[in-house]
Amino acid sequence: MLLSYLYKKPIIDNNSAQNLGEIFKIHINNRKIDYILTSNDVKINTNHILQINDAIMYKSECRYYPNFRFNQIANQMVTDDKGKIYGNLIDLFINKNFEINKIMTNNKNLLNVEIISFSKDTLVFKRIPKAKKQAKSKQTEIETKQSPCIATVLCNYGFLIGRIMQKSIIVNGKIIIPIGKKITKQDIDTAQQYGKLIDITIYSKNYNIENL
């Protein structure tokens, strides 16, 4: 990165949203830039520079907690915590709970944001990540595709297991489930395969142990 790239960029205090000015003087210690003086006569420790983008984002040693009641919407510069500038503040959109859910600038409207700091000069915000939808397990999808009928049969017709057939189920002249048979899981699968689940339900009956 060229040193000249830094000139004319505003230096923003991420904690207080103060515009600290532009690079005015650079102090070099041997082979490293030790600190920077801004046009507002603020000393910038280069170790506290967070991001370099449209603006240089700086983290002061003191943490400020601005009370937004004392700030007015007055065309402040709007930047994110990465130093990207989005234009000047036009208004803030609030919901019925007085939560700020939109920052309106002269360039665009910013959604899903959280204001970090706010002053008469600048507004600094960060993006709120959107909740990710849980991806369906590939293994689950494979299992569902391989055996959807079995899952349906066990869920809806498992109550038939143990019943006794009162009439044979015949398909194309072939008995697939004979009369008097005690229904098993395999019989339910067979009936489902031939589309005879209703028949096996109608023509089967529960018996007590002493009746078998």
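Of the 212 residues of the protein chain, 31% count as buried, where buried means under 20% relative accessible area, exposed over 50% and partly exposed in between, with a 1.4 Å probe and protein chains only. The model is predicted, so local features need pLDDT of at least 70 and side-chain atom pairs count only at pLDDT 80 or more, whereas totals for chains, interfaces and linings use all residues. Residues are numbered from 1 along each chain as its sequence is written, and side-chain values use heavy atoms, with hydrogens and water left out.

The protein chain exposes about 14500 Å², of which carbon and sulfur atoms supply 51%; accessible areas come from the Shrake-Rupley method with a 1.4 Å probe, and for residues only the protein chains shown count as cover. Among the contacts in the protein chain with a separation of 6 or more, 43% are between residues 24 or more positions apart, a contact being defined by heavy atoms within 4.5 Å.

The secondary structure comprises four helices and 16 strands. Helices (H or I, at least four residues) and strands (E, at least two) are DSSP runs numbered from the N terminus, and two strands pair if DSSP finds at least two bridges between them. An open sheet of three strands has the order E1-E6-E5 and mixed pairing. Strand E1 (11–13) and strand E5 (49–52) each have a single partner strand and stand at the edges, so one side of each lacks a neighbour in the sheet. From one strand to the next, the twist averages 25 degrees; axes are lines fitted to C-alpha atoms, and angles run from 0 to 180 degrees between N-to-C directions. E5 and strand E6 (residues 56–58) run antiparallel and are joined by three bridges, with Gln51 opposite Met57 in E6.

Further antiparallel pairing involves strand E8 (residues 85–94), which three bridges join to strand E7 (residues 77–80). Thr79 has Ile85 in E8 as its bridge partner. The hairpin of E7 and E8 has four residues between the strands, and Gly83 takes a positive phi near 95 degrees there. E8 is also joined by five bridges to strand E9 (residues 100–105), again antiparallel, and Ile94 stands opposite Ile100 in E9. In the hairpin of E8 and E9, with five residues between the strands, Phe98 has a positive phi near 65 degrees.

The largest nonpolar core has 12 residues, including Tyr157, Leu160, Met165, Ile183, Ile188 and Ile200. A nonpolar core is a set of buried Ala, Val, Leu, Ile, Met, Phe, Trp, Tyr and Cys residues joined through side-chain atoms within 4.5 Å. Strand E14 (169–171), strand E15 (174–177), helix H3 (185–193) and helix H4 (197–202) are the elements that give two or more residues to this core. Apart from its neighbours within four places in sequence, Leu160 contacts Ile183, Ile188, Ile200, Thr201 and Ser204. A second, separate core of 11 residues includes Tyr86, Ile103, Val113 and Ile115.

The structure holds one aromatic pair. Rings of Phe, Tyr and Trp (its six-membered ring) pair if their centres lie within 6.5 Å; planes under 30 degrees apart count as stacked, over 60 as edge-to-face and the rest as tilted. The ring centres of Tyr86 and Phe125 are 5.4 Å apart and the planes are at 55 degrees, so the pair is tilted. Tyr86 in strand E8 and Phe125 in strand E12 (residues 122–127) are 39 residues apart, and the pair thus links distant parts of the chain. Tyr86 counts as buried at 10% relative accessibility, and Phe125 is buried with a relative accessible area of 0%.
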